[in-house]
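Subject: Structure for your review

Dear colleague,

Please find the structure below, together with its sequence.

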Amino acid sequence: MPHRPILHNRVALLLAAAIAAAALTLPFLGFAPNRLLSGRPVALWAALVGPLDWLVLLPGVVVLAVPFLRPGRAVSAAYVAAGVLLAVGLVWLAGAQAARLAANAAPAARTSFGAGFWVMEAAALLAAMDGVRRLGLAPAWRIAVGAAAAALIGLLLASGRLDQLSILREYANQRDVFAAAVARHAVLVAAALVPTLLIGVPLGVLAQRVPRVRRAVFPVLNVVQTVPSIALFGLLLAPLSALANALPGLGIAGVGPVPAVIALTFYSLLPIVRNTVEGLDGVPAAVREAARGMGMTKRQIFWKVEVPLALPVFLSGLRITLVQAVGLAAVAALIGAGGLGAIMFQGLFANALDLVLLGAVPVIVLAVAVDAALKLAVSLLGRRAA
Amino acid sequence: MITFDRVTKRFEPWTAVDGVSLTVEAGEFCVLIGPSGSGKSTLMKMTNRLIVPEEGTIRVDGEDIATLRPEDLRRRMGYVIQNVGLFPHWTVERNIATVPTLLGWPKARVRDRVSDLLDLLKLDARRFRDAYPHQLSGGQQQRVGVARALAAEPAILLMDEPFSALDPITRGALQAEMTAIHKATGTTIVFVTHDMDEALKLANRIAVLDHGRLVQFGTPLDILHHPANDTVRDLIGREDWGLKLLAVETVGQRVRPEEDGAIGAPLPADAPLRQAIAEMVARGTDRLPVVDAGGRPAGVLHLSDVVRS
């Protein structure tokens with residue numbers, strides 16, 4: 001009798017186990033009398049009140065069953081759909097329960113996400129991604145599935161059904177500064193990107209051509225990369241203050257957005273320079289020789305041959321740079337540069353965890369969105385000429 | 001016509017090409033051969049100024065190439081290298097069209113030229129025109145490489161060990177293709193190799209280089225019958241000298257003008273003697289009928305005439 005495995009998918013089993021354990025043992029939500037006190041736990045089953053709530057469990061059942069099903073396209077497709085629906089459903093359920101709890105509590109009472117929610121939410125999204133991989137679809141599909149989940153959660157946000165969750169109560173308090181903080185965050189990253197590209201790309205091209213420059217550039221950039229960001233902000237404080245005192249007309253100061261942009265530029269240079277060099281190094285010597293032998297000028301070789309062939313590697317460098325800068329820009333709030341970091345630190349200092357989340361979640365969303373957009377660009381380029 | 005006049009190139013501390021004078025006639029298939037480091041590749045690359053000599057002059061059709069813009073000079077010559085170097089982000093069509101596009105040919109003319117070249121190199125246009133290089137086998141890639149070099153109808157074709165990286169069967173097919181293309185177009189070809197069999201098969205004349213000096217310059221038969229020194233003898237290979245000769249000499253050179261005495265399928269007079277020996281062994285005979293280029297009987301080839309020198 002042939003051996004019949006009961007288990008078909010180890011990843012799915014791990015995710016199913018995490019979801020089951022989180023559902024049974026970890027608090028789904030926390031309910032506190034006000035924003036500073038830690039709340040009492042609310043279990044998942046306690047949040048299941050109406051028949052609609054139980055419907056959320058349906059995709060959960062599918063996700064739990066998949067490791068024991070014979071693999072196939074239908075199972076994988078169901079896995080993707082169930083993962084997305086579970087992720088969205090959990091958010092909806094949390095919002096619905098928060099509204100119910102708020103109805104019978106003092107105005108200062110708060111309902112926050114519990115550990116159980118985070119574990120299940122993460123596992124559900126990972127399940128959807130695992131399903132996309134198993135379907136053998138192009139990486140662009142992973143981005144499409146992620147975008148679909150984000151869009152559904154966005155709809156929930158817009159509908160007001162999540163308004164009683166603590167993080168959105170914090171948002172309501174910060175409504176006037178939140179949009180400005182997001183915009184400032186994006187401006188910090190964009191402002192650092194301009195000098196990074198203006199310095200990094202020519203430096204990379206030069207380093208690729210002149211070994212002496214290459215030997216000099218990389219040790220410096222590697223060291224900069226290892227300096228902790230807070231230390232770099234501190235190191236910039238003294239020279240920039242001196243500069244501000246010497247040339248008051250320049251509008252430079254030791255604190256504020258200018259040193260933040262300078263520090264972000266320093267960090268961003270390494271991935272850009274490195275990937276510019278690696279991209280150009282990756283152009284085969286035979287291709288260069290053929291281009292020269294055909295009678296292309298140096299300029300034609302650079303623009304028609306080297307640039308297109310180096311572009312995918314360069315774009316991965318840009319992706320690393322941007323994701324890193326989105327994260328580091330949060331720390332820049334410490335020197336008064338503003339951005340989402342300002343909201344996070346305000347929450348940290350006030351011991352209001354949901355205010356920290358209000359700053360951190362958009363940073364994560366921004367980083368993931370930038371990552372996805374550039375991965376998409378690289379995969380579209382790669383399809384043209386693998 | 002390409003004339004090298006006392007050309008020297010040093011890569012300190014060593015001299016790659018040392019005072020070489022050499023004239024490649026128009027329409028000639030000239031093979032440069034020598035051991036590695038002999039300067040054969042350097043000499044060829046000086047023809048299109050990929051390398052610039054320190055001393056001496058190189059003239060193409062009487063014109064000193066040092067006075068020309070390198071890009072213009074290169075666009076007048078085809079260039080094929082061992083590692084092909086197709087542009088991986090361009091289709092086969094765009095690769096072949098490289099030089100015509102640089103020269104600003106009209107689109108319709110480029111397209112027709114690409115079609116003709118795909119035919120010439122026996123590549124199915126429907127299948128290959130829009131393919132990318134990574135979808136092609138090594139032999140197909142080098143066919144595209146040769147087509148690309150011929151695209152702008154150059155008077156001179158430079159080839160740097162173009163078939164060394166290919167398997168023997170593919171290499172043989174491409175060698176036959178080159179002989180046919182040379183016959184059909186009359187292009188002057190300078191071909192670098194380290195393989196004497198390849199040189200003997202393709203060349204009108206062979207230039208043997210060693211340590212940057214020209215050791216011998218002559219027809220394949222010259223080289224085989226009167227090797228100038230031990231380097232040439234080593235390149236020929238002392239043991240299979242006889243076999244090399246059989247590959248170069250033709251049936252027509254040894255045929256007896258007899259009327260009868262041999263039966264079976266006749267051999268063309270321009271077939272190499274090597275093929276005649278192979279036929280004799282296969283048929284178990286020592287006589288073969290021979291026909292001339294027009295298919296008329298030309299006589300009989302005797303085994304004893306093949307082995308007498």
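In this predicted model, helix H6 of chain A (residues 166-209) and helix H9 of chain A (residues 257-281) have axes that come within 6 Å of each other and cross at roughly 40°. Because of that angle, H6(A) is oblique to H9(A). The crossing in which H6(A) passes H9(A) is right-handed. Sorted by class, the residues in the contact of H6(A) with H9(A) are 19 nonpolar, 7 polar and 2 charged.

The next topic is the pairing of charged side chains. In general, side chains of opposite charge can pair when their charged atoms come close. The cut-off used for a salt bridge here is a side-chain nitrogen of Lys or Arg within 4 Å of a carboxyl oxygen of Asp or Glu. By this rule, the count over all chains comes to 33 salt bridges. Several of them are described below.

In chain A, a salt bridge joins the side chains of A:Glu306 and A:Arg288, at 1.9 Å from N to O. A:Glu306 belongs to helix H11 of chain A (residues 298-331) and A:Arg288 to helix H10 of chain A (residues 285-293), so this pair ties together parts that are 18 residues apart in sequence. How accessible are these two residues? A:Glu306 has 3% relative accessibility and therefore counts as buried, whereas A:Arg288, at 22%, counts as partly exposed.

In chain B, B:Arg256 forms a salt bridge with B:Asp305, and their closest N and O atoms are 2.7 Å apart. This pair links distant parts of the chain, 49 residues apart: B:Arg256 is in the loop between helix H12 (241-248) and strand E11 (267-268) of chain B, while B:Asp305 is in helix H14 of chain B (residues 303-307). B:Arg256 counts as partly exposed because its relative accessibility is 30%. B:Asp305, by contrast, is at 8% and so counts as buried.

Salt bridges can also share partners, and in this way A:Asp130, A:Arg133 and A:Arg134 are joined into one network.

Chain B also contains a salt bridge between B:Asp72 and B:Arg69, with the closest N and O atoms 3.2 Å apart. B:Asp72 counts as partly exposed, since its relative accessibility is 39%. B:Arg69 is at 41% relative accessibility and therefore counts as partly exposed.

Yours sincerely,

A colleague

Terms used:
Residues numbered from 1 in each chain as written. Chains lettered and ligands numbered in written order. Predicted model: local features only at pLDDT ≥ 70, side-chain atom pairs only at ≥ 80, totals over all residues. Heavy atoms only, no water. Axes fitted to C-alpha atoms, helices over the stretch in contact; angles between N-to-C directions. Helix = DSSP H or I, 4+ residues; strand = E, 2+ residues; numbered from the N terminus. Parallel < 35°, antiparallel > 145°, perpendicular 65-115°, else oblique. Left-handed = near helix turned anticlockwise from the far one by under 90°. Nonpolar A, V, L, I, M, F, W, Y, C, P; charged D, E, K, R; others polar. Buried < 20%, exposed > 50% of the residue type's maximum accessible area, 1.4 Å probe, protein only.
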